[in-house]
Each structure stands twice: as structure tokens, then as C-alpha cells.
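Hi there,

Here is the structure I promised to pass on.

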Amino acid sequence: MKARGLTQQNLLAAAKTYVPTGGRDEFTAFASGGQSGQIIVYGIPSMRIMKYIGVFTPEPWQGYGFDEESKKVLRQGNIDGKEINWGDTHHPALSETNGDYDGQFLFINDKANPRLAVIDLRDFETKQIVVNPLYKSEHGGAFVTPNTDYVIEASQYPAPYSKKFVPLERFNEEYRGGVTYWKFDRKSGKIDPKQSFTVELPPYSQDLSDAGKLVSDGWSFTNSFCTERYVGGIEKGRPPYEAGCSAKDTDYLHMINWKKAAELVKQGKAKKINGMDVIMMDTAVKEGILFLIPEPKSPHGVDVTPDGKLITVAGKLDSHVSVYSFDKIMAQIKAGKFESKDPYGIPVLSMKDSLHTQVALGLGPLHTQYDSKPCIAYTSLYVDSQVAKWNYCEGKVLDKLNIHYNIGHLMTMEGDTEHPKGHYLVALNKLAIDRFIPVGPLHPQNHQLIDISEDKMQLLYDMPLPLGEPHYVVAIKSTTLKPGIRYKVGTDSRTDEPSKGATRAGEERVVRKGKSVEVFGTEIRSHITPETIEAEVGDEVTIHLTNLERAEDETHGFTVDTYNVHASVEPGKTVTVKFKADREGVFPFYCTEFCSALHLEMEGYLLVKPKGYKEVKTVEAKAVYTKADYDKQVKTNVDTQAVIDSVVGYITSVNYKDFPPVVALVDDATDQLNRAKEAKAKMEDAAKKSDWQNATLWAGQWWQYQVKAADIGLRAKTYLEEHGAKKAGK
Ligand code: CUK
Ligand code: CUA
């Protein structure tokens, strides 16, 4: 403590966050990657970053956007043919079953270009991007209904649904907002745009959304600001947007009965616009599925309580949080008791009659999350830079904690589900200012971990996040996640179907047809097959690579000099890269993951010949190895075999078949030993002819396979010892 200048409280905080080597975090967080267009995965309480997931932006490590399979996903995000290579991600949402996280899928929105992406948590890969065909921006996504039937996406800045120019003077008449309900099909793991629909809304700037649960299941709630429908234009001498958009004391909370809306679509009461079913406002009003409730002043977050009975709205420019009662709202709707209508004829309920309570929390309340303890909520106070802990049943403030600085969202463990897990809270702070080592004018974001298990909140840890501004993050109990460790051999991971380029060991080949050169290759420690690829200038080169490994974490990479391709080929995966060999030359290709001791030797050449190139007869290289070299190598091999035999002896003496990871390792090792046999046979052939040059080289290759088999075998043995394997037959 003394040497590092730490306090007693620091030590306590360290003890609460430290995860010893080899240990696992209790919770896994999925943070939006903000302007990076990615997802950031980190552990809680250690706050260690585990992964970035490429979503709307190319991500070279995963080959995302650099191989053909992932390009197909990324390019689903093109808007009317325009390539978009970034995203402004805001709100990740985990799939739910009965209102609780099930650990299967993750969704994230792009505010700048109205899109939504689906990530499969079996492999943490992006599988689908859908473009909203009506909006020009969105913000209130992604939020799921309690069984993930729909993923909710609300527009933000109103714009005409048509793709046409419409002057700002026609704002009230032709600009529109909306809420889209994207139908999610759990079986295919994809959004089905054909079964999705939108409810047309007035040109208020719709903001965040949340789905009702339990008693309020079937309804969704969407905030708004700028219900003034103010159109700025300081160039024309008009006061700016920020003045005009915050003039009124209240804006509107939109309530939509999405279950009934889905029925209306089935009954043919929707209108097709840009290929999407849209329930127009007049239909929504007539059918009684759309209502407005005033909410104070330029609100931001809307968060339904775990029991679904109350809806908390925080008003950016109001120091209160307003807690609405679903029962009170429904009573008014049932009685047909409305205060007024908005300019589009939508019934407006009485705010007073809808409120359960209002609580003065502080300046700039934004977002709310819930605790595992009943009635306890936490709200971020942006202007005050504080987290407020309060009781929403009784309407009183319980505790406040200063954070650094200017908090946006906050998040408790599974805090937006029916069963929040409490324990920790993460404050997503907009500014870092002086908290970290200075790294220039652009600072990292600061996620602060807070212990909420006791009455008083305690600040535990600062984590700099240097990838973009993650507006929101969700955290799930780590044990609920069940990701795989390998693919079925030959899988296209983006479609989860067998790849057309899948290639088995021994079936590697190059298929030439006119201008096309198609390579069916494999990767396994430590080589790429084929090792030489020949093409002519102008050829279209397609290279499929299958990783034949089964061992956990034996990923190989692949790149070719100059041609801007990269693949990450995890065990079992087949990846395709494609390019036009538009220039002659010699282009080394290699594996980009340090996968084994001979990783650097995992190499080859792409030879692009000029048009009409004539082969020159090559002269055989001069022999350099002698019988003595050969004998020496063979002795090494025999010694190595003894080591392998002892490892195999141990593995087969225990119940290794009860351990699937070991069975996979044994499969891999058997592969290597089979190849060793082939190399050995070739060696013996050469030796018979006293061709000591080739005999020595094949003996060396035999040894390479042995070394890899031994390496895999030792990993299996260690695993068995650490996991308490028993003598076979016991
Ligand atoms: S928003 Cu950024 S702080 Cu996009 Cu959820 Cu509130
Ligand atoms: Cu495979 Cu390096």
C-alpha cells in the first residue's frame, strides 16, 4: 500500500475487481463501439476487454470485410447501392426469452445510417444487417420484446419516407417519424424483413424506446423531443434548432400496441411503402393502437420497471424523473378519456392522471436501470455528473455518487430484464478529462464500475475505452453464454451452411477455367496447401481455405501481399478471398496467426506471370545432404516417437473419451500422425534409391508432423491431468 500510495479503500476496491490469472468474470458486457461501428466485449468486474466484433465497419483481424463471406454481410448494409463503411452504434440488446436474457443473439443499431445488425452469440459474429427502407436516421433501436419476437427501431430526425427531395417548408405535411418492428426468426437467427412492419408517426424526433413486459407486454414506449416540429436554419436568420426544439414544457411519450399492430398488418390494413408494411397514422388512431402522453421537457431515456407496471422517463432539461403507471394509462384508454388530440389526430392522455410519481433527482437526468432489490432504480445525471439511487415505489432519493465526468447511460447487471441481478453498475461517462495518461486531444471514454451491493454505492474502477463512444452496454451472467469453440469442418460461418469451398485433407486442388483460377486449399499446422499458386495477369483468383484443426484456439490467418485480402480461419471454418491478379509479380502469402513453432514457415507464393509467358526449363537444385544427415534425422525421429508413444500410452490409459476437448485434440494428433506415415513412406522410397537429398528432406517432414502430434498430445495430457481424468475402466 505504502509503496504505491494506496488507501485502504483502494485495496478493497482492488479485491472486488481483481480476477486472478485463469479466472473468469462473473458477467460479460457487450458495449456499443460508438463511432467505430463495432461491439466491445468486456468482463465485469475485471473490466478486461475480450473482443471487438466487427459489425458496420471492416475489422481486419477477423477478416471482416476482407473475405468474401463477411463482405456479403457488410454489404447488406449498403443503402440504395451506396457502400457505407462505418456506423454510429448506440444501443446493443440481448435476445430474451420470457423477459430474461437467453444468451443467444445480440442486436445493435446504427444511428447515422438507419440500420440494425444481428450477431450470433454462438460465435460472436455478425450474421445480418438490415437497412430501414423508410428512415434517414434512427435512435430508438435496438430494443427487444420479451420473447424477441420483434426488435424495435424508432426513427430520430424526421424525413420524408419517399427517397425524394421535399423542401423543409413541407415538414409538417410530408416529413415523418416512425417505429419499426423487425420480426426476428430465432430458428434461422435472422430478421425477416417481409414480416416486419412500421407504425407511421408524426415528425416529432422520436428517441429511445422500450418494450413493455408482463402486465404491459404487447405495448412499446418511445420518447420524443422537438415535438415543436421546429425547423431551424440560422443561415436564414432563424433561431437555431436547440432553441426551437426545447421551447415547449412537454414532449410526447408514444405508446403503441404492437401486438394489435401485428394483427392489423395480417388483416391487410397496412400500406406498402418502399417494400415495407406501414400502418398509417389514421389507421393507428382508428384502431386504437397509438396514444401520446405528455412528458417533461426534452426527455431522453424511457425504461420499463422489471415488473412491467411502471415506466420511468427522465427529462434532460427537467430535474425530475417521471414515473408513469401502466394501470392508470390503461384505465384512461379503456374509459376513452383523452385530454386532447395532437395535430395528427392522435389521442393525448392526461399527464397528471398517468403519473405514479415524480422525483426530483438532480440536473440532467438521462437513463434509468433497475436493481435486483425491489423498487430500487439508478438514474444517470449528466449535468451533475452523478448517479442517483432512488426508490420508485415511494418516490424518494436514497444515495448519490459522484462520477467522472458527465455520465450518459448507466447499466446494472441484466438491469433491463424482468430479473435484474444487481451487484454492479457501470457508468458510461462521456468525458475522461484528467483521469488517464494523456494521449492527445482525443481522450478515451471512461466506463466506471460501481459496487451497488450495499446501501451506499462505491466507485471501484476506471476503464478507458479507446474505440468510440459506447452509448449503451448490456451485461449478462457469463455462464448463460454458450459459445462454440470450433465449426463443423467446412462451414461458412456467416451463413452457418457448408461452404462451397470446403476442402478435406488430401483433396486440395487448383481449378483453372479460362480467366478464373480457383484454389481449394487447407490450413493445418504448419502449412498452407497448395504452397504455390500460379496465375496470369488478368486472372480472377479465388482462394478457399479450410482450417482442418479441431484443437481449441488453433486459428490460422491468410493474406497475400498487395492484394488487400485477409482471412481469419478458425478451426473448421472455410473462408474465401477473391481478387483480380491485375499485376505481374511475385506475391508471398502466409498465415498471419502465430499458430505453432513453424508458423513463420506457413508460407507460399502467388506467382503472377505476364501474358504469354513461356516456361523456362529449371535446373534441379544440387544435392547438399548426405547419408550421415539422413541417419541423424532418422535417429531424432525415433527418439521423438518414443515421447509420442509415452503420451499416447497415458492418454489411452485414462477415460479421455469423457472429455470432448481431448477427443478433438486426439483427432488432430491422429491426423498429424497419418501424415507422418505418408512422409515416412516417401522417405523410405528415396532412401531405397540412395537419394539422400530427398530422403533427408522427407525425414525432416516426418519429424515436423511428429512434433505437431507431440505438441497436441501434451496439451491433451495436461488437460486430462488438470481435469481429474481417471484410469480407464473405473
Ligand atoms: S443515447 Cu447516448 S447518452 Cu444514443 Cu441512448 Cu443517451
Ligand atoms: Cu498458421 Cu501461423
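Let's begin with a question: why is the disulfide of Cys 375 and Cys 393 left-handed? The torsion about its S-S bond is about -80°, so the link gets that label. Before going on, some housekeeping: this is a predicted model, where local features need pLDDT of at least 70 and side-chain atom pairs count only at pLDDT 80 or more, while totals for chains, interfaces and linings use all residues. Residues are numbered from 1 along each chain as its sequence is written, chains are lettered from A and ligands numbered from 1 in the order in which they are written, and side-chain values use heavy atoms, with hydrogens and water left out.

Now the disulfides (a disulfide being a pair of cysteine sulfur atoms within 2.5 Å). The count comes to 2. Along the chain, the bonded cysteines pair up as 1-2, 3-4.

In one of them, Cys 375 is joined to Cys 393, with 1.9 Å from S to S. Cys 375 sits in the loop between strands E25 (365–370) and E26 (376–381), and Cys 393 in the loop between strands E27 (386–391) and E28 (396–402), so the bond ties together parts that are 18 residues apart in sequence. (The labels come from DSSP runs numbered from the N terminus: helices are H or I with at least four residues, strands are E with at least two.) Cys 393 is partly exposed, at 34% relative accessible area. For that scale, buried means under 20%, exposed over 50%, and partly exposed in between, using a 1.4 Å probe and protein chains only.

The other disulfide joins Cys 226 to Cys 245, with an S to S distance of 2.1 Å. This link is left-handed too, with -60° about the S-S bond. Cys 226 is in the loop between strand E14 (219–225) and helix H4 (241–244), while Cys 245 is in the loop between H4 and strand E15 (250–257), so parts 19 residues apart in sequence are tied together. Cys 226 is buried at 5%, and Cys 245 is buried at 13%.

Next, salt bridges (a side-chain nitrogen of Lys or Arg within 4 Å of a carboxyl oxygen of Asp or Glu). Side chains of opposite charge can pair when their charged atoms come close. The count here is 41, and these are some I looked at:

- Asp 277 and Lys 272 meet at 3.3 Å, N to O; Asp 277 is buried at 13%, whereas Lys 272 is exposed at 56%.
- Arg 550 and Asp 671 pair at 2.8 Å, N to O. Arg 550 lies in the loop between E40 and strand E41 (556–560) and Asp 671 in helix H10 (residues 660–688), so this bridge ties together parts that are 121 residues apart in sequence.

Arg 550 and Asp 671 also belong to a network of salt bridges, whose other members are Arg 525, Glu 549, Glu 554, Asp 668, Asp 711 and Arg 715.

Finally, which residues are around ligand 1? They are His 90, His 91, His 139, Leu 208, His 300, His 367, Gly 408, His 409, Lys 430 and His 471, where being near means having a heavy atom within 4 Å. This shell divides into 1 nonpolar, 8 polar and 1 charged residue. Here Ala, Val, Leu, Ile, Met, Phe, Trp, Tyr, Cys and Pro count as nonpolar, Asp, Glu, Lys and Arg as charged, and the others, Gly among them, as polar.

Cheers!
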